[in-house]
Amino acid sequence: MRNRFLTCALRAVVVAAALFGAISGHAASTETNYNGHYELADGKANRAFSLEVKQTKSRAEVSFSAAMTDGSEAAPDGSGKGRIEDGVLSFKFKDSFNNEGTCTLESGKHGYQLNMVVTKVVDPRPFHFYGTVLLKRTSTKPQ
């Protein structure tokens, strides 16, 4: 009888620990708030890049636009949807040149790092805007 009681009590502790871990893991993933407007961290760049994030809990809608400051070359716009897991926003995008890709946005020491990888190439002209981009958040509200 005593062994059954101990076995049941141990099972209850294991179940409670598993539930607590699942709940706290979910809370940690939704704590990160990427909501807002982002721009290139390098103000001296010859290009402009802006990113908008509209976050609801762990889901996000993202849009971006890029252009050369002198108006030359391709100027892509794009959008996508994604989610935040373990403090990282991951999303898929499609740009105005019909290219598609994946992105991650993470908070770092010197700003926010956006990593853009093109997975479907239709028109390579805007690719000089993609890759790893260092951004700063200029507003906590999307514009």
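Colleague: How many helices and how many strands does the chain have?

Modeller: The model is a predicted one, in which local features need pLDDT of at least 70 and side-chain atom pairs count only at pLDDT 80 or more, while totals for chains, interfaces and linings use all residues. Residues are numbered from 1 along each chain as its sequence is written, and side-chain values use heavy atoms, without hydrogens or water. Elements are DSSP runs numbered from the N terminus (helices H or I, at least four residues; strands E, at least two). On that basis, the chain has 1 helix and 8 strands.

Colleague: Is D123 buried or exposed?

Modeller: D123 is found in the loop between strand 7 (111-120) and strand 8 (131-139). Buried means under 20% relative accessible area, exposed over 50%, and partly exposed in between (1.4 Å probe, protein chains only). Because its relative accessible area is 16%, D123 is buried.

Colleague: With which residues is D123 in contact, leaving aside its neighbours within four places in sequence?

Modeller: The side chain of D123 forms a polar contact of 2.8 Å with that of R125; such a contact is an N or O pair within 3.5 Å, one atom able to donate a hydrogen and the other to accept it. Contact in general means heavy atoms within 4.5 Å. Leaving aside neighbours within four places in sequence, the residues in contact with D123 are F97 and N99.

Colleague: What distance separates the C-alpha atoms of A45 and M68?

Modeller: A45 lies in the loop between strand 1 (36-40) and strand 2 (47-56). Beyond its neighbours within four places in sequence, A45 is in contact with L40 and T69. M68 is 23 residues from A45 along the chain, and their C-alpha atoms are separated by 9.0 Å.
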